[in-house]
Amino acid sequence: MRRPRAIVALVAIALSSLAAALLIGCGASASTSTSGKPVIVVTTPVLGAVVEQVVGEQADVQVLMPNGADPHEWRPSAQDVAALDHADLIVESGLDLESGLSTAIAQAHDDGVPVFAATDHVPVRHVGAGEGGSSSAADHQAGAADPHFWTDPLAMRQVVLALPAAVRSATGLDVQADAVAEAARLMRLDREVGAITATVPAGRHDIITGHESLGYFADRYGFRVIGAVTPSLSTGAEASASHVADLATAARAHQACVVFGEVGTPAPVTEAVASEAGARVVELSTHALPASGGYDAFITGIARAIADGLGQCA
Ligand SMILES: [Zn+2]
């Protein structure tokens, strides 16, 4: 017996409609873990690496920014905004580091997604009076809060110890034991970084960076940031010709033989400062993970690059 063609067609239409409805349903919850695990969306790769260490396989950790992106300037796609809105927990650095994400994170928070800001859990460093030098950047006035906490492993440890309560409240998961183990690892890492930076010769601890990104690192390991090519806590500000000249003068006065370049700082300006100061440029990866390795490789990489660079000064 042959089925009437009309019925076959109707069944086909009904099935395709059902398939389309299922696809739309999947699309609407695209950021939900396919494994059924709770989803934790982290803004930056460096912070994401540490969150992954703590939660392990228990949650699906999604990092929004591609490794190597400038977090100060990065803007989310519609898909990224949807991922934030569907997260069980958002983990951000805070203090306006992710300025391009602030509206999307605030919206997700308004929609009921809990937000854990790492910088709520560290002793925040502030720009000291007079540190701004010739800077006119709004975020570099005395008292401005510095978001670059991740350059200090012990500040990161504070974040790790605060994370379990937020994870438990948002997802019901218990990651306390993993956090305690990670915190102990960060204590050992701090000693390792201390040993690397201890090799820097006496009197060579004044450093110049791309933007003011290493204040926490400097405070922890006995360095002093005497200036930045982009005189700002973010990368958006511009260096004037007079700032370049002032910085070169400061470099010579402090016998700083290296200018540390980094993401978001125009290479020609970094080169100009180095050239005027008779210094070399050494690139630092202050906002991105190394090609292989996590937070340990990240922070020891910075320490080695600084120690090697300063160690070669005459
Ligand atoms: Zn920065």
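## Helix H8

In this predicted model, helix H8 runs over residues 241-253 and contains 13 residues. The distance from its first C-alpha to its last is 19 Å, close to the 18 Å expected at 1.5 Å a residue. Five positions of H8 are listed as buried, namely His243, Val244, Leu247, Ala248 and Ala251. These residues lie on the same side of H8, because they cover an arc of only 135° around the axis.

After H8 comes Gln255, which has a positive phi near 55°.

## The disulfide

The structure holds one disulfide. The bond joins Cys257 to Cys313, with a distance of 1.6 Å from S to S. The angle about the S-S bond is -65°, and the link of Cys257 and Cys313 is left-handed. Cys257 lies in the loop between H8 and strand E7 (258-261), while Cys313 belongs to the segment after helix H10 (295-311), so the pair ties together parts that are 56 residues apart in sequence.

Are the two cysteines, Cys257 and Cys313, buried or exposed? Both Cys257 and Cys313 are buried.

## Helix H6

Helix H6 covers residues 176-197 and has 22 residues. At 1.5 Å a residue, H6 should span 32 Å, and its end C-alpha atoms are 31 Å apart, which agrees. The buried residues in H6 are Ala179, Glu182, Ala183, Leu186, Leu189, Asp190, Val193, Ile196 and Thr197. They cover an arc of only 130° around the axis, which means that they are on the same side of H6. On the face of H6 turned away from that buried side are the exposed residues Ala177 and Arg191.

Which elements cover the buried residues of H6? Among them are helix H2 (45-55), helix H5 (153-171), helix H7 (215-221) and H10.

## Helix H2 and its packing on H6

Helix H2 is mostly covered, since nine of its eleven residues are buried. The buried residues in H2 are Pro45, Val46, Leu47, Gly48, Ala49, Val50, Val51, Val54 and Val55. They pack against strand E1 (39-42), strand E2 (60-63), E3, H5, H6 and H10. Just after H2, Gly56 takes a positive phi of about 55°.

The axes of H2 and H6 are 7 Å apart, and the two helices pack at an angle of about 130°. H2 and H6 are therefore oblique to each other. In this packing, Val50, Gln53 and Val54 in H2 meet Asp178, Ala179, Glu182 and Arg185 in H6.

## Arg168 in helix H5

Arg168 lies in helix H5. With a relative accessibility of 47%, Arg168 counts as partly exposed. Not counting residues up to four places away in sequence, Arg168 touches Leu173 and Asp174.

Most residues other than glycine have a negative phi. Leu95 has a positive phi near 55° and is a residue other than glycine. Leu95 lies in the loop between strand E3 (89-92) and helix H4 (102-110). Its relative accessible area is 35%, so Leu95 is partly exposed.

Asp96 lies in the loop between E3 and H4. Here phi is near 65°, again a positive value in a residue other than glycine. How does the accessibility of Asp96 come out: what is its relative accessible area? The value for Asp96 is 55%, and the residue is exposed.

## The chain as a whole

The secondary structure of the protein chain comes to ten helices and eight strands. The chain has 314 residues, of which 48% are buried. Among contacts in the chain between residues at least 6 apart in sequence, 64% join residues at least 24 apart.

Key:
Residues numbered from 1 in each chain as written. Predicted model: local features only at pLDDT ≥ 70, side-chain atom pairs only at ≥ 80, totals over all residues. Heavy atoms only, no water. Helix = DSSP H or I, 4+ residues; strand = E, 2+ residues; numbered from the N terminus. Expected span 1.5 Å × (residues − 1). Buried < 20%, exposed > 50% of the residue type's maximum accessible area, 1.4 Å probe, protein only. Arc of directions from axis to C-beta. Disulfide = S-S within 2.5 Å. Contact = heavy atoms within 4.5 Å. Axes fitted to C-alpha atoms, helices over the stretch in contact; angles between N-to-C directions. Parallel < 35°, antiparallel > 145°, perpendicular 65-115°, else oblique.
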